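Dear colleague,

I am passing on the structure we talked about, and I would be grateful if you could look it over before you set anything up with it. My notes on the helix packing and the ligand site follow below.

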Amino acid sequence: MKIWRPFTQEKIVPPAIKVVKGDGLYLYTENGKKYADMISSWWVNIHGHANKEIAEAISKQAATLEQVIFTAFSHQPAEEIAEKLKSVLPNSLNKFFFSDNGSTAVEVALKMAYQFFKNNGETNRKIYMHLEGSYHGDTYGAMSVSGRKSMYHFNFSDFFFDTISIKVPEFHEETQNIEQRENKIIKGVEKTLEQRGHEVCALIVEPLLQAAKGMVVYRSEFLERLIATVRKFGVLVIFDEVMTGFYRTGRFFAMDYLKHEKPDLLCISKALTGGFLPLSITVATEQIYNAFLSDDFSKAFIHGHSYTGNPIACAAACKSFDILMREETIRNIKAIEEFHKRTKLQNVHNRRSLGVMTAFDMTSVEAAKELADQLFEKGIFVRPLGKTVYLLPPYCISIDELDWVYREISHVLN
Ligand SMILES: Cc1ncc(COP(=O)(O)O)c(C=O)c1O
């Protein structure tokens, strides 16, 4: 028997370590060790591992209604999570389409954007715009609008559809002339759209934080200008908040940093269930939803999955939302954010922090791996992205624990 792991070159990495238990910040392994999970297990479990309240909500829901076909039927947990999310979203975003992972939430948004125009008789809008080096998932559509040359996706480039890629004005402690760089990119986008704007259906972005690329941060001022520019050409805007949602950036959604522009479509997943179960939602505006209403079935959004809107996952999402909205949780989020901002690290490059995320670059991939290996020896789990090392802890971490992690990092770096 062999388990084939994701994103893993099985020939060169050591066998997986068996985890027997999770509790808050910590993972406990079969061989009696304990590790602080400083990346929230691929950014999902915002309240820490094995949160008792979410576990209880799941247990209760499983004994009440575990699953139901989500066409003729609906259920209370799905309606409740949609209502809860509506309360923190702009009024314009109020149509909720369920699926079960981030890549699929993105596929759904891409398909909705294209079909929106098609249903309205505009059949020539077949191109998507995206930011260079983004990561939107591993299905073909999501890969096509991601960093196409990245190690995640280049093996499949023969099959990608036509897109327009936009450069990203990266912003960190050492950045200079940011406005000049932003201006140049916006002018370039405008020029491209003057020629091809009528062919473009949507722009998709990871707002403010390109996570898998290497925790790359860019300014909200740039994003607002980019959106205003593409909108002049009738292009729809998709925010992929699969990673940035649920206070990762210090606000409920990264879109909350924008003063003027909001997306037409929003993708959320990962932290939606507090990291307990797979669930995702694509939220659309009324205008998009209405374009699918017709007496003609072919104009419907003909897409779905066996586990669409799973009641247990929705119950977990409702409980996770309630915990997230507590004063105590928000206080912890702010404390983590402030700690990242005020705590310096020597011998690192391009430090950037946004919300509960902080990242820096080492001089090489090997140096980043060496740092991660040494931290692991001390009971701290991080997983570098190339030469970038980052922290993205669950909100239950205490400042003492965070301080310990920083001290251990400094110790290795020095
Ligand atoms: C911004 C973003 N979009 C989409 C995805 C894909 O989500 P999933 O892994 O659930 O398919 C990810 C995963 O890391 C992501 O970071």
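In H6, Glu182, Asn183, Ile185, Ile186, Val189, Glu190 and Leu193 meet Phe222, Arg225, Leu226, Thr229 and Val230 of H7, where contact stands for heavy atoms within 4.5 Å. Sorted by class, this contact of H6 with H7 has 7 nonpolar, 2 polar and 3 charged residues, with Ala, Val, Leu, Ile, Met, Phe, Trp, Tyr, Cys and Pro taken as nonpolar, Asp, Glu, Lys and Arg as charged, and the others, Gly among them, as polar. Please bear in mind that this is a predicted model, in which local features need pLDDT of at least 70 and side-chain atom pairs count only at pLDDT 80 or more, while totals for chains, interfaces and linings use all residues. Residues are numbered from 1 along each chain as its sequence is written, and side-chain values use heavy atoms, with hydrogens and water left out.

Helix H6 (residues 178-196) and helix H7 (residues 220-231) pack at an angle of about 15°, their axes being 10 Å apart; the axes are lines fitted to C-alpha atoms, for helices over the stretch in contact, and angles run from 0 to 180 degrees between N-to-C directions. Helices here are DSSP runs (H or I, at least four residues), numbered from the N terminus. H6 and H7 are therefore roughly parallel to each other, a term that covers angles under 35 degrees. Their crossing is right-handed, that is, the near helix is turned clockwise from the far one by less than a right angle.

Among the residues making the contact are Ile81 and Leu85 of H3 and Cys318 and Phe321 of H9, and the contact divides into 10 nonpolar, no polar and 3 charged residues.

A ligand oxygen atom is 2.6 Å from an N or O atom in the side chain of Ser103, a ligand nitrogen atom is 2.6 Å from an N or O atom in the side chain of Asp240, and a polar side-chain atom of Lys270 lies 3.1 Å from an oxygen atom of the ligand.

Best regards

Conventions
A polar contact is a pair of N or O atoms within 3.5 Å; within protein, one must be able to donate a hydrogen and the other to accept it, and residues adjacent in sequence count only if both atoms are side-chain atoms. Helices (H or I, at least four residues) and strands (E, at least two) are DSSP runs, numbered from the N terminus. Angles under 35 degrees count as roughly parallel, over 145 as roughly antiparallel, 65 to 115 as roughly perpendicular and the rest as oblique.
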